[in-house]
Amino acid sequence: MSDSSTIEVRLPDGSSRSLPEGATALDLAKSIGSRLAKAAVAAVVNGDERDLGSPLSNGATVSILTNDSDEGRHVLRHSTAHVLAQAVVSLFPGAKFTIGPAIEDGFYYDFDLPGGRTFSDDDLQRIEEEMRRIVTADQPFVRHEVSVADALKMFSDQPYKCEIIERVTSGSADGSDAGEVGSGNSVSVYRNSDSFVDLCRGPHVPSTSRLGHFALMKVAGAYWRGNEKGPMLQRVYGTAWESKAALEEHLHRLAEAEKRDHRRLAVEMDLLSFPSELGGGLAVWHPKGAIVRKLMEDYSRQRHADGGYQFVYTPHLANEKLFATSGHLDFYKDGMYPPMEMDNGTYYPKPMNCPMHCLIFKERQRSYRELPLRLFELGTVYRYERAGTLHGLLRIRGFTQDDSHIYCTEEQLTDEITSLLDFVMSVLRKFGFEEFEFNLSTRDPDKSVGSTEIWEKATEALRTAMDRHGVAYKVKEGDAAFYGPKIDIDVRDAIGRKWQLSTIQCDFNLPERFQLEYIGTDNARHRPIMLHRALFGSVERFFGVLLEHYGGSFPAWLAPIQARVLPVTTAHEDHAAQVAARLRARGFRTDLVAADEQLGKRIRNAKVERIPYVLVVGDEDVAADTVGVNPRGGDVRRGVTVDSFIAELEAAVEGT
RNA sequence: GCCCAGGUAGCUCAGGGGUAGAGCAACGCACUCGUAAUGCGUAGGUCGCGGGUUCAAUUCCCGCCUUGGGCUCCA
């Protein structure tokens, strides 16, 4: 088919196309269609991402990356990061630039500014203006392969780039370095003006004019290579999209997420607060937050009772000897509150409940007939989180785990984990989560206890359980806790964000340390295996996630107030009070707001408070024993009998 | 802990070297109203805390506390 002057390339749909020899990926895109050529940002040639300007070879399989695909946006963002670096280098002579990858929804670039200078918000504006100038200048991104020696010369005034080059070529690079430059004896660089060249593996868009729908978002500190002891760099975050509309949509999504911020909603809805007098990372629950929390906890207790768990309570403090035995003082001391001295002993607030549950197990001799023994506690723990990491309810210092420790035999392990997966998903579904992702964390040989055999057995049990369920999972190598492998379960919330909530962890360390034993059928002593598991994880954190998931509009069964009764005028207050009393008698959380203000205002207030049902009673309702029902997110219905509303509310509560 | 940005009335925020302002909320009065903000009035602040510069600091400078965004860490 092809002679010396044409080449043949294969397209993703299986078809082939002839092109003149020396044709580039862009030529290919143009030959397919002008719209494709316009949207093209890079190409995938035989599985590798390449610039559009790269010549194609005969027989290559080629697909064009367009700017509205994830991969295409990635290229777009990476190129925009380069423009950011170029702008900073031109505005801040002497600035050292380090790395600047594309990330979810955007990109960042880290800089080391001369004299430890930092960026201000004004700087960000100037940088953005300079970036727009560069985009308008339509500078081509031109790729060059250069030898390591030449690259080192080229970047002689850029120590961070030299470090990356050296690490890559010495083979000690990790993934992020390889991502910057590629690997081998030569490195690739991209030049897009006489004054700016950056080390990069590519690919990039053909020219800066292909960019433009971007915004710089914020400036933050970041350590070089993420190392706390390394230099603190200035990181500029930005976002970039293929079109103005996509950029605006993204900014809109951010604004929407901000409206759902659980800290904002917690104040607006009077749910809880973090008084500074109390200390960082410690919350107090106001009545409306407390009722929701109680409902969550009651539900959890009910499900655990149904699931064969036994409830226990343990104290908040323990003698240091307990945490020495459990190993927390060896492995977890940095995460613990400082000790207090009393009665010639040293006591610590507990960072976990497991050691105390082990004491309960150990308190008397156990038989195999008791296993699996499932101990459950809503146990409040205290962890010393570093000040800069605290974040509303999502990261706090005092929190309550829906914590359980299951003691079982090796043979029971797989079954137990299998039923746990059901249990977890069933409980989470009750809270409106439908999408789950599973992660299996395996052993880190440098930070683990226990024999290889038992790690393998436990990991296998976790795998088997997930396979039985047919759930897909990702493996995170080396991500396990020191005491055993685990399954972490992420959920997607109503606006698609991912939260890690539940965890199921195998532990063969604590049974060892506490010398836990049971008597088997063979009348001999055996060591049980222990499972740690939490569904909410932390009740506080789960509450925060729920608040954002529902955007404050709790379903009827969880809403602090389920129905509010509003008399149209003071003349209707008696009837309104009767309606409210009837609802309360049926166990519904109901209140009444008297006619001191106009009806419209009171309805508005109820809506702002996200109350599921607003009931209006006026003359007609007094006469007919009815209410006007104004449901959240629905239409007003007049003349509904109180009894039928009660049935409706009952159904709404049951249904969720 | 480190980098950046904040801290002004209960909340959201404006202001700015000459001892402070709005909207909402609160309170009072009038209005009694059928589905998302009635009107008028009153009260409310050591402008985060401490120090410095100045005739004068809420404003400028320094330190601390605290909140938020990141880094690191993590439920």
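Tutor: Two strands pair if DSSP finds at least two bridges between them; strands (E, at least two residues) and helices (H or I, at least four) are DSSP runs numbered from the N terminus. This model is predicted, and local features need pLDDT of at least 70. Residues are numbered from 1 along each chain as its sequence is written.

Student: How many bridges link strand 33 and strand 34?

Tutor: Strand 33 covers residues 626–631 and strand 34 covers residues 637–641. One bridge sets Val-627 against Val-640 in strand 34. The two strands pair in the antiparallel sense, and their bridges number three.

Student: Which residue in the turn of that hairpin has a positive phi?

Tutor: Five residues lie between strand 33 and strand 34. The phi in question is about 75°, and the residue is Gly-633.

Student: Is strand 22 largely enclosed or open, and why?

Tutor: Buried means under 20% relative accessible area, exposed over 50%, and partly exposed in between (1.4 Å probe, protein chains only). Both faces of strand 22 are covered, with Thr-400 and Ile-406 among the buried residues on one side and Phe-399 and Tyr-407 among those on the other. Because eleven of the eleven residues in 398–408 are buried, strand 22 is largely enclosed.

Student: Which residue of strand 29 is the bridge partner of Ile-406?

Tutor: Strand 22 runs antiparallel to strand 21 (residues 373–382), joined by ten bridges, and Glu-377 stands opposite Asp-403. Strand 22 also pairs antiparallel with strand 29 (residues 529–538) over seven bridges. In strand 29, the partner of Ile-406 is Leu-531.

Student: What is the relative accessibility of Glu-460?

Tutor: Glu-460 belongs to helix 15, residues 452–469. Glu-460 counts as partly exposed because its relative accessibility is 43%.

Notes
Chains are lettered from A and ligands numbered from 1 in the order in which they are written. This is a predicted model: local features need pLDDT of at least 70, side-chain atom pairs count only at pLDDT 80 or more; totals for chains, interfaces and linings use all residues. Side-chain values use heavy atoms; hydrogens and water are left out.
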